[in-house]
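The sequence and the model come first, and the description comes after them.

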Amino acid sequence: GLPGMDDGSIRRVLSAVAPAVPRHYVVMEVKSNLVAAERQETLKRFDLPHFKKVATVVMGEPSEEYKQKQLEKRLQEKQAKSDVEWKAKKDEENRKKEVEKRQKQLAEMRRKADEARKKAAEDAKRKREEELKRKEAEKKAKEEAEKKAKEGAEKEGEEAKEEPKPEEAEEVKEEKKEEQPKEEVKEEEEEEEKKDEEEEKAE
C-alpha cells in the first residue's frame, strides 16, 4: 500500500485544507457521522458562511438504476479480470507451443546432423575400404608382374644354358655330314653283294 494512505496522514491534510477551499464536499464517514460528538467536530471545520451543511441518510432498497450500474461495473471488472486471465492463459499456451515447436526443430536439426555425420562416416569408411582394396590389387598385380618377370628371366637363363656354343654346333653339323656318306657306302656294298649272289645263282 501507500504509506501516506496507511498512516492517515493524507486524510489529516485533506481535512485541514478542505475548509479553506470553497467547493462541494462529501464526507463519507459512516461511524463519525452517526456519532453526535464526532459529527459536531467535523461540522465545526466547515462553519464558514459559504458552506451549506446537508445530512443525507441513505437506507433501504437501492434503485434499479443503481443496481444496474453496480451490476455493469461488477461485470466489467469480472470481464476485465477474465480477459486478463484468458490472455495470460493464451500467452502461456502460445509460449508452450513455441517451445514445443522449437524443440521439434532442434530435434529435427539434431537428427539431420546425426544422419549427415553417419553418412559422412560411412562414406569415409567406404572410401578407405576402396582405397585399401585398390592398394591390395595394385600390390597383387605388382607381385604377379614381378613373379612373371622373374620366371621369364629364369626361363631365358635356362634356354641360354641349353643352346650349344657356335663351335659345338659346327662339330655337330660336321658329324652329321660325315655320317651321311658312310650310310651311302653301306647301301652300295649291300647292292653289290645282292648282285654277286644273283650272278652265282645264275651260273
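The text below covers the chain as a whole, then a serine, a surface patch and the salt bridges.

This is a predicted model, in which local features need pLDDT of at least 70 and side-chain atom pairs count only at pLDDT 80 or more, while totals for chains, interfaces and linings use all residues. Residues are numbered from 1 along each chain as its sequence is written, and side-chain values use heavy atoms, with hydrogens and water left out.

**The chain**

The protein chain has six helices and zero strands. Helices (H or I, at least four residues) and strands (E, at least two) are DSSP runs, numbered from the N terminus. Read from that end, the order of elements is α-α-α-α-α-α.

Of the 203 residues in the protein chain, 4% count as buried. Here buried means under 20% relative accessible area, exposed means over 50%, and partly exposed lies in between (1.4 Å probe, protein chains only). The accessible surface of the protein chain is about 20,100 Å², and carbon and sulfur atoms account for 52% of that surface. Accessible areas come from the Shrake-Rupley method with a 1.4 Å probe; for residues, only the protein chains shown count as cover.

**S32 in helix 3**

Helix 3 spans residues 30–34 and includes S32. S32 counts as buried because its relative accessibility is 15%. With neighbours within four places in sequence left aside, S32 is in contact with E38 and R39; contact means heavy atoms within 4.5 Å. The side chains of S32 and E38 are also joined by a polar contact of 2.9 Å. A polar contact is a pair of N or O atoms within 3.5 Å; within protein, one must be able to donate a hydrogen and the other to accept it, and residues adjacent in sequence count only if both atoms are side-chain atoms.

**A nonpolar patch**

L2, M5, I10 and L14 form a nonpolar patch on the surface, with about 420 Å² of accessible area together. Patches are made of residues with over 30% relative accessible area and no salt bridge; like charges are joined within 9 Å, and nonpolar side chains (Val, Leu, Ile, Met, Phe, Trp, Tyr) within 5 Å. L14 is exposed, as its relative accessible area is 55%.

**Salt bridges**

Side chains of opposite charge can pair when their charged atoms come close. A salt bridge is a side-chain nitrogen of Lys or Arg within 4 Å of a carboxyl oxygen of Asp or Glu. By this rule there are twelve salt bridges. E61, E64 and K67 are linked in a network of them.

| Pair | Distance |
|---|---|
| D123 and R126 | 3.6 Å |
| E130 and R126 | 3.3 Å |
| R134 and E131 | 2.2 Å |

D123 and R126 both lie in helix 5 (residues 64–162), three residues apart, about one turn of the helix. E130 and R126 are in helix 5 too, with a spacing of four residues, again about one turn. R134 and E131 are separated by about one helical turn because they are three residues apart in helix 5.

How accessible are these side chains? D123 is partly exposed at 27% relative accessibility, and R126 is partly exposed at 40%. E130 counts as partly exposed at 44%. R134 is partly exposed with a relative accessible area of 38%, and E131 is partly exposed with 32%.
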